[in-house]
Amino acid sequence: MVKERRGSVILDKKDFENFFSLLAEKYTIFGPSQDDNGDAFTKIDSPQSLKLHYKNTHLSLKSYFFPQTETLLTFDNHMKITKGKENETEEQTKCSILFGVRPCDATAIYFLDKVFQESSPPDPYYVKRRSVTRIISFACTDPSSTCFCTSVACGPDSEKGSDIIFFELDGHYLVKQITQEGEEILEGVKELLKPVTDKHIEEKDRSMVAARHKLRKIFEVSNFVKKLENFEAPYWEKLHQKCLGCGICTYMCPTCHCFDMTDEVTGSGGRRVRTWDSCMFPLFTLHASGHNPRPTQKERMRQRLMHKFNYAPKIFGEVFCVGCGRCVVHCPVNLDLRSVVQQIMEEQ
Amino acid sequence: MSNPYVPMPAKIDDIIIENEARDIKTLKVSFTDKDDWKRFAFMPGQFAEISIFGAGECPIGIASSPTEKGYLLFTVKRAGLVTMQLHRAERGEIIGLRGPLGNTYPLHKMEGHNILIIGGGFAFTTLRAAIKYIIEENNRKRFDDITVIYGARTPGELIYKKELWEWEKRRDMKTYITVDRGDKDWKRREGFVPSVLKEISPRVNETIALVCGPPIMIKFTLPVLDELGFMPESIFLSLEMRMKCGIGKCGRCNIGHKYVCKDGPVFSFAELQELPSEY
């Protein structure tokens, strides 16, 4: 494999089908598909069905690693655990590649890794799925009007979470390997790859400058993190008033990872399931005694913002927002996170 | 990789009804698989997620001390779905235990110090574990004066009564039991825990205080400790919060950037002063 300029190589667009076929021999490939207009990632069997020019998918990729509902264990009527002890998450013989991922969504997985994989104890269900999945992202040249990745220390060419990142050039792709796993993938297709030249690098840099230009930087995130130190600030009283508490922002968010654990019983036993939950719901923190530390939407909305922009930086050194704009798009009352941040920043 | 979501099976060997209202029971349990004792090496202050398959899990403090061998004690107040089922459980039934979870009382820091233990009502469970641990024959000499103040609303609501009366008789510790309202047979103290604390004014120098009780008791006890001269760094509180995973992932038991399940449940008052008062 040609190794130049920090692991960057060139793939001609005419070789893309071959490239895809070689990958498909070793990996199961998921990507945004033509069939559903790039709205979600599905299994891709031929390069023609890939839709690489798309706006952010409807759903983020978190459910690939952290499904909306999953069985943690099953038990029988004698209170004996019948499944779960060995963590029998579905066996995969082939590794998967998520292909054509937006850098913001890959960055979100990088954040989820910190919660489920790097914090002790690791979550075996997540770790197992993550260990058999590779991420090939595509640098974003066509952000949506709701995108604000450059405001939150992410960006159209963020490398976090990706094994390989593609940059689309005129007639070529500039392919940058980021991890060891990325190197292994490229090793298998090395006959298709060519060395990169300064011209390619310049072209890539120009396209990223253009992409960044489309993304208006709305706020300085480090200032916002500091601003939130004032937990009892009076503005929390008014910011939440429009919020219905529907929780859609948390379900669509690629970094929200709160979950519930409940038991379901059938005639012959039952299962313990984990399901996405939301800090927007009153029951989320309700004690059995009736006490609720977050009794109104004020505290709950504050929790959501604080968790992403103040607590996560303290715990992981990272703001848990990638600026994908899904919460902005899907909020039924148009409670726009960007304007909430701006309102807070304007407060004394 | 071991799976932190899988409970270890344990058998209920005995059930003790603790109070007059009969809504607090102590379950004496033991692991059915001997190897699980090693996996469950714990210290006072920690808790476990107790499973009743079909009902779910709930976090319960470990009321026994690691110095008590061959059994674990969990004192459970009937409050929600799982605790209701735990109250219905009978001797011989199998429950699940995940743990030990959370941090411990600062036992290393407590060595060579006077210990002041202040408890109220039902929130005396992990404090019992701490007391049993520090007064155990081999451990006792590592701690200086031990003072226990424990109160409940009525005599019938005091838990671990038999042990309370034994501790009262011991010469190597001072035990003050009080109730808000006595009955005709009550010969001991009447009064709220904070006023008893004020009245006996325990030594402050080289003393570490462990406090656990209902919010109203905490609210009035902390100012008295402050008045007596206790530094926030020497006061330790054990908190409770709604929990699910118990391992800092499910996201609901946080106070600011600290998770009660993982960073707690024991926090110094100094630590709590740094956090938002959202608990």
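**View 1. The two domains of chain A sit with their C-alpha centres 26 Å apart.** The model is predicted: local features need pLDDT of at least 70, side-chain atom pairs count only at pLDDT 80 or more, and totals for chains, interfaces and linings use all residues. Residues are numbered from 1 along each chain as its sequence is written, while chains are lettered from A and ligands numbered from 1 in the order in which they are written. Chain A has domain 1 (8-214) and domain 2 (221-346). Such bounds come from an automatic or database domain assignment.

**View 2. Domain 1 of chain A meets domain 2 of chain A.** Here 33 residues of domain 1 contact 28 residues of domain 2. Contact means C-beta atoms, placed from the backbone, within 7 Å. On the domain 1 side, β4 (69-76) and α3 (103-118) of chain A each give at least two residues. Helices (H or I, at least four residues) and strands (E, at least two) are DSSP runs, numbered from the N terminus.

**View 3. Chain A meets chain B.** In this view, 39 residues of chain A contact 29 residues of chain B. β4, α3, α4 (124-131), β11 (259-266) and α10 (297-316) of chain A each supply at least two residues of the chain A side. The largest share, 6 residues, is from β11(A).

**View 4. Chain B also has two domains, domain 1 (8-101) and domain 2 (107-238).** Their C-alpha centres lie 24 Å apart. Across the boundary, 18 residues of domain 1 of chain B touch 14 residues of domain 2 of chain B.

Notes. Two residues are in contact if their C-beta atoms, placed from the backbone, lie within 7 Å.
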